[in-house]
Amino acid sequence: MDILDLSDYLRFLVRRWRAIAALGLLGTAVGAFATNATTPQYRATSTLFVSLQDWDDTVKLNQGNTFAQARVRSYAEVVTSPHVTEPVAKSLRLDMTPSQLARKITTEVPLETVLLKITVTDTQPSRAARISNAIAHRFAEVIADIERPEGARLSPVRLSITQPAHRPNAPDSPNLVLNLALGLVAGLSLGTGLAVARESLDTSVRSRSDLTRCLADAGGPAVLGSVVLDQRVSRHPVATDDDAFGRRAEDFRRLRTSLRFVDIDAPPKVIAVTSAVPGEGKTSISINLASALAEFGSSVCLIDADLRRPSVANALGLVRDAGLTTVMIGQANAEDVMQSAGSFSVLASGVLPPNPAEMLGSAQFRTVVRSLADRFDHVVIDTAPALPVADTLAMASAVDGYLLVARYAKSTRGQLTDAVRVLQDVGTTALGSVLNMVPAKRDSEQYGYGYAYRPRTSARRDWRRLRRRGRPATIGAFPAPTTPAGKDTAPVAAKEGGEHH
């Protein structure tokens, strides 16, 4: 996969902030639940001072202090021995064995001191204090007995309790603040890790910059534009019919403008629209590209050359059974089966043949396309996807170039790379690419601003009225569309169906 820099990581972390925040909150909730589910533990500590008896000389006192510091660390190991824990368990009538009691005891010897701290952890605060004090007294007796020379009455080592254990007022654990903090950090870390892993494994294109890098690496064409996602496409397949000045309509106008600058000296006239795989919205791009070209004042014919899963007729509410294949087998002329979609003409697919690739690669298909190119300013061809079938490659000699459609968060880098290579193998010209179905928020973020233009209500109303009448006029900066002579420009009802996003 491509090497990601810091800005890439920051971008997809921001993109997945909801998942990261959700896991952070989940971790915090787990920390709170763990705190409530854990039995509180109380800690009580008693402190003993180790000294030597009857050493009043200063030199001997210093020697004794050094001796005590050396011995006190060994004494710490004796605290949990059965000589200490068994008598304490019996005297306090504890419902635990000496070894169980030993696991509740911890010792600490502060550095360069003769102090010994005995800490007992228990679920009951009062019992923790009683056990700690009992352990301290018993431990002092055991050490005195161990250190007493044979035959002597007293031990030279004395352990004094300088600070007895007191009943703790608050539990030592669980710590609510600490558990919440740990849960939050763990959740955020997990969320960030999953986001990084998912982004590393996700090869789909999610921005124009992703698509640009992918096509550049494959030696493919430039990205000419992007089209915003609109959930109303099935009801309004032609963007300008729904809202002539809406965001989606403007996206297609920008695409139209970009195509005009692909080759100023020899602008493409026959434009095939394809995609790597099905479901990426090539039919919607074809329809609206034809509409945008017609809006500029050009005569446009849209051909549905996807002879396996044609969608143009269903999307525009036209008749599919008579069209391209009807003309190719000589049953009718193109003029006889041409239909109107308002501002542009449509040649539907016709009856589906058993051999689409052979028909689209035939001289008869090239003849039909060239005859339409002589009559119209532009011919837009909706084709089958490039990778699953050979239909698109077969018609390469009949078109001036291909427009490759990629779908946001669906088209993968591998699919697009393969599509570019198969188109290059047949020697066709790749005019450019367009990223389709981009969420509105994502698309505006690429430019750092959101821009919306709406003319006066009366101007929009006049525009729609003129479009319905098919009369030439100019509203604002956009010349009214024209259609081939003699063709009906009545509006066609849109129907749902087919792949036409």
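**Salt bridges.** I went through the charged pairs of this predicted model and got 20 salt bridges. I looked at Arg43 and Asp172 to start with: their closest N and O atoms sit 3.9 Å apart. Arg43 belongs to strand β1 and Asp172 to the loop between β4 and α7, so this pair ties together parts 129 residues apart in sequence. Arg43 comes out partly exposed at 38% relative accessibility, and Asp172 is partly exposed too, at 45%.

Next I checked Arg127 with Asp122, a salt bridge at 2.8 Å, N to O. Asp122 has 0% relative accessibility, so I noted it as buried.

Arg206 and Asp202 also make a salt bridge, with 2.8 Å between the closest N and O atoms. Arg206 is buried at 17% relative accessibility, and Asp202 is buried at 17% as well.

I traced an open, mixed sheet of eight strands, ordered β5-β12-β11-β6-β10-β7-β9-β8. β5 and β8 are the edges with a single partner strand each, so one side of each has no neighbour in the sheet. Further in, I counted four bridges between the parallel strands β6 and β10, with Val270 opposite Val379.

**Helix α8.** I saw α8 (residues 208-217) packing on the sheet, where it touches β5, β11 and β12; its direction makes about 145 degrees with that of β5. Which residues of α8 are buried? I got Asp210, Leu211, Cys214 and Leu215. Gly219 follows α8 with a positive phi, near 70 degrees.

Methods:
Residues are numbered from 1 along each chain as its sequence is written. This is a predicted model: local features need pLDDT of at least 70, side-chain atom pairs count only at pLDDT 80 or more; totals for chains, interfaces and linings use all residues. Side-chain values use heavy atoms; hydrogens and water are left out. Two strands pair if DSSP finds at least two bridges between them. Helices (H or I, at least four residues) and strands (E, at least two) are DSSP runs, numbered from the N terminus. Contact means heavy atoms within 4.5 Å. Axes are lines fitted to C-alpha atoms, for helices over the stretch in contact, and angles run from 0 to 180 degrees between N-to-C directions. Buried means under 20% relative accessible area, exposed over 50%, partly exposed in between (1.4 Å probe, protein chains only). A salt bridge is a side-chain nitrogen of Lys or Arg within 4 Å of a carboxyl oxygen of Asp or Glu.
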